Amino acid sequence: MQKLLAGIAEFAVESDCDGLFPEQEFNLLRESGLLTITLPDRAFSFDEQQTLSLFQLLKSIGKASLPVGRIYEGHINALYLISLFGDEIQKERWYADACENLFGVWNTQDSAGLEIHDLGNGRYRLNGSKTFCSGAGWIGRPLVTGKLISATKTGWQMCIIPTDEVKPIQEDSSFWTPLGMRASASFRMDFTGIEIMEKDLLGPPDAYYQQPYFGGGALRFAAVQLGGAEAILEETHRFLNEMGRTEDPFQRNRTAEISYLTETGNLWINQAAINYDKWITMQDSTEKLLAYANMTRTVVEDICLRSMHLAEKSVGSRGLMRPGILERLHRDLTTYLRQPAPDAAQMAVGKYVLDQKNTTTLWH
Ligand SMILES: Cc1cc2nc3c(=O)[nH]c(=O)nc-3n(C[C@H](O)[C@H](O)[C@H](O)COP(=O)(O)OP(=O)(O)OC[C@H]3O[C@@H](n4cnc5c(N)ncnc54)[C@H](O)[C@@H]3O)c2cc1C
């Protein structure tokens, strides 16, 4: 495992370019079996409730490379949605596909969003595009969501596109001009004219937003982000030692703070994983699980921001120059921390707590 992570971290340096995708890193992940690790009978099978191990894995990959962690998290998310909503035939097909293909989940869109038109006889035509599609054309099995236009059903429909059986998805890399996370290749993808079949639809309309699965997913990106904070601690530690600046009391204090912040993040992620496995099967625990997930993502965001700030003060402008690793980590983590609805996530925690009769048994 350490060799794999070191390999990913090494390749991450050259993958940090506009228009590039971390191909070598994903070759390593494929060879190591990590693309299929959550499938039935594998080490972190979703059936076995291995959430703590999964989060620690996501964190480790995020520590080696945040863009790789982002794309890998999307792959795991798609496989989780298949495990929840796929029928047996679909599971067999898509699980087999996961050995060679990367999956991704593309839900974000702007005003030119995706429609899925029911043509009858089990055929559907797509119209419109998605933004922030991590992995872009390198994803062989993108799970995309769109508005179902049909005489018989309505809602937000998931489908998984068999890219090798349909006309090419048009990709627009000019969309992706970010501060960081360049290697996540999160382009705009246009699906107009692509035709899919009934077998490519995943779950009923609106299954994508079913709770607590949708909101609970924030825990996975929080785990990857925490990997970024750990990488910052490691690089700061290396820099201060190389510069012989470890005797200074202020440097020691800042190092202490980054250390306890990242460890706090670990305690949160681990406890959230334990709670997830416990509460996911309890019918009346959905709101509690969501509140805990929202607290965790909020705390982890704060931890990452504070750790970056402290690390910058510790290494100074000299330590933030290219091709230094901290320069890239700063850009990548700053970008990746921008996840949907941060204010709403925190507000929902407050609402949940205030809605309880008292605070004595909040997280029991
Ligand atoms: C590296 C990266 C990879 C990504 N990959 C994917 C992917 O593969 N698939 C995918 O589906 N998505 C992906 N995303 C998109 C991601 O999930 C979020 O949707 C996106 O990052 C949110 O962007 P934003 O910060 O501009 O959001 P915004 O929603 O614009 O939020 C910015 C701020 O505005 C606030 N705000 C939002 N709406 C309003 C409003 N109406 N009025 C006032 N304030 C408002 C928010 O609370 C927040 O404070 C990716 C994002 C990144 C950065």
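Me: How many residues of domain 2 are in contact with domain 3?
Reply: Keep in mind that this is a predicted model. The domain assignment puts domain 2 at 105-207 and domain 3 at 211-355, and their centres are 30 Å apart, going by C-alpha atoms. On the domain 3 side, five residues take part in the contact. On the domain 2 side, the number is five.

Me: Looking at the structure as a whole, which residue forms a salt bridge with R141?
Reply: Side chains of opposite charge can pair when their charged atoms come close. The structure holds 23 salt bridges, and in the one made by R141 the closest N and O atoms are 3.4 Å apart, inside the 4 Å cut-off. The partner is D164.

Me: Why does the R141 and D164 pair tie together separate parts of the sequence?
Reply: R141 is in strand 5 (residues 141-149). D164 sits in the loop between strand 6 (155-160) and strand 7. The pair therefore ties together parts whose separation in sequence is 23 residues.

Me: Are the rings of F132 and F175 stacked or edge-to-face?
Reply: This pair belongs with the 16 aromatic pairs found in the whole structure. The ring centres of F132 and F175 are 5.2 Å apart, and the planes meet at 85°. Planes over 60 degrees apart count as edge-to-face, so the F132 and F175 pair is edge-to-face.

Me: Where in the chain is F175, the partner of F132?
Reply: F132 belongs to strand 4 (residues 129-133), and F175 is 43 residues away from F132, so to speak a link between distant parts of the chain. F175 is in the loop between strand 7 (170-172) and strand 8 (187-190).

Me: Is the peptide bond from Q211 to P212 cis or trans?
Reply: Most peptide bonds are trans. P212 falls in the loop between strand 10 (201-202) and helix 6 (213-216). With omega near 10°, the bond from Q211 to P212 is cis.

Me: What kind of peptide bond joins R322 and P323?
Reply: P323 is in the loop between helix 9 (286-315) and helix 10 (325-336). Omega is about 0° here, and the bond between R322 and P323 is cis.

Terms used
Residues are numbered from 1 along each chain as its sequence is written. This is a predicted model: local features need pLDDT of at least 70, side-chain atom pairs count only at pLDDT 80 or more; totals for chains, interfaces and linings use all residues. Side-chain values use heavy atoms; hydrogens and water are left out. Domain bounds come from an automatic or database domain assignment. Contact means heavy atoms within 4.5 Å. Rings of Phe, Tyr and Trp (its six-membered ring) pair if their centres lie within 6.5 Å; planes under 30 degrees apart count as stacked, over 60 as edge-to-face and the rest as tilted. Helices (H or I, at least four residues) and strands (E, at least two) are DSSP runs, numbered from the N terminus. A salt bridge is a side-chain nitrogen of Lys or Arg within 4 Å of a carboxyl oxygen of Asp or Glu.
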